[in-house]
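Hi,

Here is the structure I promised to pass on. Have a look at it first, and my notes follow below.

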Amino acid sequence: MSTPHLAIPFRLTHRGAATVEQDSSAEIAQCVQTAASYRIGQLDTNPEFGITDPVFDPLVDVDRLADEIRAVEPRFTGRIERAIVDPITQAVTLTVAEEI
């Protein structure tokens with residue numbers, strides 16, 4: 001690996017910390033996952049990071065969600081086909097189609 005980045009979530013393997021290659025689809029996917037895990041305003045150090053809280057929005061606007069993710073991760077070029085929000089855990093599950 002020429003430019004390794006720590007894998008998210010952080011984990012140890014028998015070789016040390018797990019890594020992914022910078023700018024690989026795996027690294028971009030984990031950055032998208034991280035962005036979707038935070039709500040705008042949740043991080044004091046970076047209040048613009050994340051997405052609008054979709055918990056009380058029964059029909060998540062996937063285009064708006066994709067725009068919000070691209071604002072913090074411009075390498076994301078996919079198309080969000082579906083977003084499901086768990087009302088208990090507030091976890092967002094995305095179904096993404098990769099743009100060709």
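Which side chain does the side chain of Ser2 join through a polar contact of 3.0 Å? It is the side chain of Glu21; a polar contact here is a pair of N or O atoms within 3.5 Å, where within protein one must be able to donate a hydrogen and the other to accept it, and residues adjacent in sequence count only if both atoms are side-chain atoms.

Before the rest, some housekeeping. This is a predicted model, with local features needing pLDDT of at least 70 and side-chain atom pairs counting only at pLDDT 80 or more, while totals for chains, interfaces and linings use all residues. Residues are numbered from 1 along each chain as its sequence is written, and side-chain values use heavy atoms, with hydrogens and water left out.

Back to Ser2: you'll find it in the segment before strand E1 (4–6) (helices, H or I, of at least four residues and strands, E, of at least two are DSSP runs, numbered from the N terminus). Ser2 counts as exposed because its relative accessibility is 67% (buried is under 20% relative accessible area, exposed over 50%, partly exposed in between, with a 1.4 Å probe and protein chains only).

Glu68, in helix H2, is buried, with a relative accessible area of 13%. Its side chain makes a polar contact of 2.4 Å with the side chain of Thr52. Not counting residues up to four places away in sequence, Glu68 touches Ile40, Gly50, Ile51 and Thr52 (contact means heavy atoms within 4.5 Å).

Leaving aside neighbours within four places in sequence, Ile80 is in contact with Val62, Leu65, Ala66, Ile69, Leu94, Thr95 and Val96.

One last thing to look at is H1 on the pocket side. H1 supplies 6 residues to the lining of the largest pocket, the largest share (on a 1 Å grid over the protein atoms alone, a pocket is an open set of points where a 1.4 Å probe fits, with protein on both sides within 12 Å along at least five of seven lines; lining residues have an atom within 4 Å of a point).

Cheers
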